[in-house]
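Biologist: Let us go through the labels put on this model and ask what stands behind each of them.

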Amino acid sequence: MRLWHKNLIPVLPNKQLLSQWRELNAIARNIKTNGTPNHILVNKVLDYDKLHFIVYTKLVLKELGNRNYHIRQDTFHKFLQHIEMSETDFNNTNIEFFEIYKDWHNNRYFLQCYYNLQEKYDCGGINEEEWKRINSIL
């Protein structure tokens, strides 16, 4: 489990971006059911106001839309149930991008995520084109 650094969302390979949406659903479900994501890499979401999680999710959904992926309505509504929010409230929720997970999604965390993606590239899990897109933001 991992929340990719917010600055990497626009350049994540499709596989990682789609997995991020599944991850967000699992995190929301686990928080609703157990009160915690119960995973060392994402437990930090509980250190922040729920707005951070919501706006981060909106970033992921926006990028999925930019790539012409369509989220099933029943999946989206289940997500909203887990975070106990209406679609209208979800759509109207916003905080400034630079504020999202401000102390967590810092330069150090960016590098951790970047090197994780580099390892995937080195092992053949990310192709050359995807790797160039990731490096385009450096």
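Biologist: Why is Glu63 called buried?

Modeller: The relative accessibility of Glu63 is 12%. Buried means under 20% relative accessible area, exposed over 50%, and partly exposed in between, with a 1.4 Å probe and protein chains only. Glu63 therefore counts as buried. The model is predicted: local features need pLDDT of at least 70, side-chain atom pairs count only at pLDDT 80 or more, and totals for chains, interfaces and linings use all residues. Residues are numbered from 1 along each chain as its sequence is written, and side-chain values use heavy atoms, with hydrogens and water left out.

Biologist: Where is Glu63 found, and what is it in contact with?

Modeller: Glu63 belongs to helix H2, residues 50-66. Helices are DSSP runs of H or I with at least four residues, strands are runs of E with at least two, and both are numbered from the N terminus. Neighbours within four places in sequence aside, Glu63 is in contact with Ile9, Pro10 and Leu17, where contact means heavy atoms within 4.5 Å.

Biologist: What makes the pair of Glu63 and Arg67 a polar contact?

Modeller: Their side chains come to 2.8 Å. A polar contact is a pair of N or O atoms within 3.5 Å; within protein, one must be able to donate a hydrogen and the other to accept it, and residues adjacent in sequence count only if both atoms are side-chain atoms. At the start of H2, a side-chain oxygen of Asp49 reaches to within 2.8 Å of the backbone nitrogen of Leu51.

Biologist: How do you know that the length of H2 agrees with its number of residues?

Modeller: The expected span of a helix is 1.5 Å times one less than its number of residues. H2 has 17 residues and should span 24 Å; its end C-alpha atoms are 25 Å apart, which agrees. After H2 comes Asn68, with a positive phi near 65°.

Biologist: Which elements do the buried residues of H2 pack against?

Modeller: They pack against H1, H3 and helix H4 (87-92). Among the buried residues of H2 are Phe53, Tyr56, Val60 and Leu64.

Biologist: Which residues touch the most other members of the largest nonpolar core?

Modeller: Leu3, Phe53, Tyr56, Ile83, Phe90 and Tyr101 do, in a core of 38 residues. Such a core is a set of buried Ala, Val, Leu, Ile, Met, Phe, Trp, Tyr and Cys residues joined through side-chain atoms within 4.5 Å. Two or more residues each come from helix H1 (14-34), H2, helix H3 (73-82), helix H5 (107-122) and helix H6 (128-135). H2 gives the most, with 7 residues. As for Ile83, beyond four places in sequence it is in contact with Ala28, Lys50, Phe53, Ile54 and Phe90.

Biologist: Why is the pair of Trp21 and Phe79 called tilted?

Modeller: There are 13 aromatic pairs in the structure. In this one the ring centres are 5.4 Å apart and the planes are at 50°. Rings of Phe, Tyr and Trp (its six-membered ring) pair if their centres lie within 6.5 Å; planes under 30 degrees apart count as stacked, over 60 as edge-to-face and the rest as tilted. The angle of 50° thus makes the pair tilted.

Biologist: What does the pair of Trp21 and Phe79 tie together?

Modeller: Trp21 lies in helix H1 and Phe79 in helix H3, so the pair ties together parts that are 58 residues apart in sequence. Both residues are buried. Ring pairs link Trp21, Phe53, Phe76, Phe79 and Phe90 into a cluster.

Biologist: What makes Arg2 a charge over the ring of Trp4?

Modeller: Arg2 lies over the face of Trp4, at 5.3 Å from the ring centre. A charge sits over a ring if NZ of Lys or CZ of Arg is within 6 Å of the ring centre and within 35 degrees of the ring normal.

Biologist: Are Asn38 and Tyr101 buried or exposed?

Modeller: Asn38 has 61% relative accessibility and so counts as exposed, whereas Tyr101, at 0% relative accessible area, is buried. Asn38 lies in the loop between H1 and H2, with phi near 60°. Tyr101 is in the loop between H4 and H5, and its phi is near 45°, a positive value in a residue other than glycine.
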